[in-house]
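Here is a short report on one protein model. Keep the sequence and the structure in view while reading.

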Amino acid sequence: MSYSSLPASKLFQLTALTLSLALAGCGGGDGTDTIAPEPDTGVTQPGTGNGGSTIDTLNIATSNLVDINSNPVTSIGLDGAYYEVLITNEKNEPIAGAKVSFAIDATGVVLSQTTSGSVLTDSEGFARIFLKPTGTEVSGAYTISATATFAGNTATVDKTFSVQSTKVSLSAFSVESANLSSGAQTALSLIVSDAEGNTLNGVSVNLNASCGQIPAQITSDANGMVEVVYKSINDDDTLCSGPVTISASVGSSVRSTNITVQAPEATSIVYTSNPLTLGIANSGSSATGEVEFTVYSNKTPLANADVVLSLEKSPLGLSFGVLGNRSDIPARTDENGNVSVNIYPGSTPGPVEIKASLSRDGRINALSKGISIASSRVTQDGLSISQGKNVLDWSMDGDSTNITIRMVDRNGNSVPDGTVVNLTAEGGKVFPASCTTTDGVCDVTFSTQNPRPGDGRVSILAVAEGEKAYIDNNANNAWDEGVDTFVHNIGDTFRDDNEDGTFEAGEFTYPLTTQASGMCENNLDRFIQLKFPTYSQSKKDSFEQSFISNFVSPNKANTCNSGLDAIVRYQTIQLLSDGSNARFTLLNNLGNMLTTQVISSSATMVNVRTNSGGFYDLNPMPSGTTIAATAVDRTDSNDKSCTVEQVGGFSKVPALVNTGALGQNLGTISNYTLDGCAAGDYFRISATAPNSNVTTKTYIIQ
C-alpha cells in the first residue's frame, strides 16, 4: 500500500510513530541514532521530472506539422498531415498523460483519429492529431491551436499552415456493358489521380445518370479506384430506354460516358383490383365500378404498353368502358403500368369476367377475379322484423329486447351493405332510430319506458327506400313500365297505431311522400296463381290477406304512381305486460271462460289461462315468466292423495308469442290433470315473473 493511499487515521499513527522514534534517538537507550524509514508515497508519475505530480509550469516545448513520414512540412495537400506538440515542465522534462485539445479556425480542414478533438501525451510527452482537407478544392491559410492541461496548469500554442488545392484528373470510364436490355444493370469504374499521375485516395467523386439509378457520390480507394453499379430503372420503378449519359465530376474535372438501354418489352399482365360487388342498375347502390390491370416488363411496371380489353362473361345488360358498350376496347398503360376500365351493371345479377391482353401477343393476358353483380334494393316483400322477445315488463323501465331487421332484393340476395332502415315506435324507446345493413342485416334495441300505450300493444314501423314487387312479364329481370305488372302497388306509409288498416289524423306519417293520387292496383290474384297454381281458393285468399297485412299495409289510399321506387314498410307489435301482477282464469275444455270460477271435486282436468293484470289484462305475462301448479291434500277422511300433473299448454311464457289482433285475449294456457282430489283439497297456481315477483292463487276444490 502506498503512503498516499493510507487512511487518515493510519497516516496519523505512522507520523506519531516516526516522531517517537526520532525523539528516542536524541537521548534515550544506548545512545545509538535511529532514523525512521521514509514513507511509501507510491509510484512516481513518469515525466514529471520532480518525482511527483505537482509542477510549477506547463510548457509546449515544440509545435510541428509533419507528414505521414514525420518530415516537417508547412503546407498540406489532399493526403493530410499530423500536427504534433511536446509537453514539458519547468525543467524541460516531458510530461506523460497531459490532455491536449486541438481546434481548427475555419471550415475545410477536419481533425480525425479522435472523436473528442483531444488526446493524451505519450510517455515521451508527445501528442499528435491528423488533419486533412475535406476536398480537393480546399485552399488558403489555416490556424490550428493546441491547449494542454495538467495538474491545474494550462498552456496554449497556435500553428499557422497553408492548404494547397489538388488538381484532380479523372480517367475515362471503364464500362462492363454499354448496351443493356431493359431493366438491366452494369458495372462502371474510373481512376482518380493528381496532375502528376499519382493516384489519390479518399477523393469524393460526384456521379449522375440522365436516367436510371447510380450512387450520388463515392470515395476513391487506396488505389484511386472508383467502382459503381448503374441500374436502368428509375427510383419510381419506371424503366429507362435509349441513350443514357453517365457523368463523374470532382471540382472542375468532369468525365462522361454513354450507354444504350433497349426499349422495354411487356412480359406479363396481372389483374390488380380488389374483389368488387355491385348492385344491378337502378338498385340504389353504386352505379358503376372500376377494375385495373398492370403490365410488367420482367418485374417492373411498364408504361405506354398497348392492351386490348374484352368482355368475356357478364350478366344481361352489363356494359364496360362507356355506358352501353360491350365491344373490345384498345387501351394503353399509364406511367405506373396500369390500365383501368369502368363497369356499368345491367338489370341482372351474375359474375363478370374481363380479359386484358397484350396487343402484340394475345397469348399474354389476364382475367379479372371476384367481380359480381349481386344485389339490388330491398323489395316490397323482402323486409322483415324479428324480436328477441316480444312481451316485455311494463312495470319497470329498461326491460329490453333486440330487434333484427333483414332485407333482400327481388332475387333473394342481400341488399347492398350500408342500406339504411329507419324505425319508429308508438311507445317505449327504439335505439338507434336507424341502422345500416351488413349482409342484409342490422339490429336496434327496444326498451320499456314512457310513453306506455294503454292497450299494451306498441306498434313498431320499419321503412327503407326500395322498390315495389312486380311480375316480370317480358322476363328480362328489369322493370319495364307499361309492360310489367305490380303485384300490389303501394304509396305513402304511416304507422297504424290503432291497427285498423286505415290512416287517421294523429297517426305518424313517414315524411317521404309520393305526391301521387293514383289508386293502388291489386294484382295479387295473378301473382298467387303464378306462384301457387294448385292451392285451394281458401289458401289463396289467406295468402292474399297475409301479403296485404305484411307488405302493403300500412298504406295511404290513393297515393300510388306507376314508378318502381317505393318506401317499403313492415309493422310489428311489441307487447307490454305488468310483471308484478298475474291474473288467472279457469277455462273449460273448449277454451272458454267458466261462468263460475270453481273447481269441482269431480273434475279431472283443470285449464288455466294466465294473463297480465291491470290495464294489460289481455296480454300474457312477460316472456320468461314460469307458471306452475301444485295440489294440497286437505282431507283426512279418505285414503286418497290429491295430485296434479301438467299435461298440456305452457309452463313458461315463450320469448315470442302470437301477438294476434287488437282485442284478442293472448293469455298463456296451461292444462293440468287432477287425481285423487276431494272437496276441501287445494289447487294452487303460481306465476314467477323475470323480475322475481311471484303471484299465487289458491282454489278450494268443491
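Helices and strands here are DSSP runs, counted from the N terminus; a helix needs at least four residues and a strand at least two. The model is predicted.

**A buried tyrosine**

By that numbering, Tyr510 sits in the loop between strand 40 (485-486) and helix 2 (524-531). Is Tyr510 buried or exposed? The cut-off for buried is under 20% relative accessible area. Tyr510 has 12%, so it counts as buried. Leaving aside residues up to four places away in sequence, Tyr510 touches Asn422, Val463, Thr493, Phe494 and Ile567. Gly591 is 81 residues from Tyr510 in sequence, and the C-alpha to C-alpha distance is 41 Å.

**Nonpolar cores**

In soluble globular proteins, nonpolar side chains tend to be buried together. The largest nonpolar core in this model has 35 residues. Which of them touch the most other members? They are Ile405, Met407, Val421 and Phe446. Several elements each supply at least two residues of this core, including strand 33 (400-407), strand 34 (420-425), strand 37 (441-447) and strand 38 (457-467). Helix 2 and helix 3 (537-552) also each supply at least two.

Five strands form an open sheet in the order 12-18-17-14-15, and the pairing is mixed. Which strands are at the edges? Strand 12 (179-180) and strand 15 (217-219) are, and each pairs on one side only. Inside the sheet order, strand 14 (residues 204-209) pairs with strand 17 (residues 242-250). That pairing is antiparallel, over 4 bridges.

**Backbone details in loops**

| Peptide bond | Geometry | Omega |
|---|---|---|
| Phe431 to Pro432 | cis | near -10 degrees |
| Asn450 to Pro451 | cis | near 5 degrees |

Pro432 is in the loop between strand 35 (429-431) and strand 36 (434-436). Pro451 is in the loop between strand 37 and strand 38.

Positive phi values come next. Asn298 is not a glycine, yet its phi is positive, about 55 degrees. Asn298 lies in the loop between strand 21 (289-297) and strand 22 (300-301). With 52% relative accessibility, Asn298 counts as exposed. Ala475, also not a glycine, has a positive phi of about 55 degrees. The loop between strand 39 (470-471) and strand 40 holds Ala475. Its relative accessibility is 67%, so Ala475 counts as exposed.

Conventions
Residues numbered from 1 in each chain as written. Predicted model: local features only at pLDDT ≥ 70, side-chain atom pairs only at ≥ 80, totals over all residues. Heavy atoms only, no water. Pairing = 2+ DSSP bridges. Buried < 20%, exposed > 50% of the residue type's maximum accessible area, 1.4 Å probe, protein only. Contact = heavy atoms within 4.5 Å. Core = buried A, V, L, I, M, F, W, Y, C linked by side-chain atoms within 4.5 Å.
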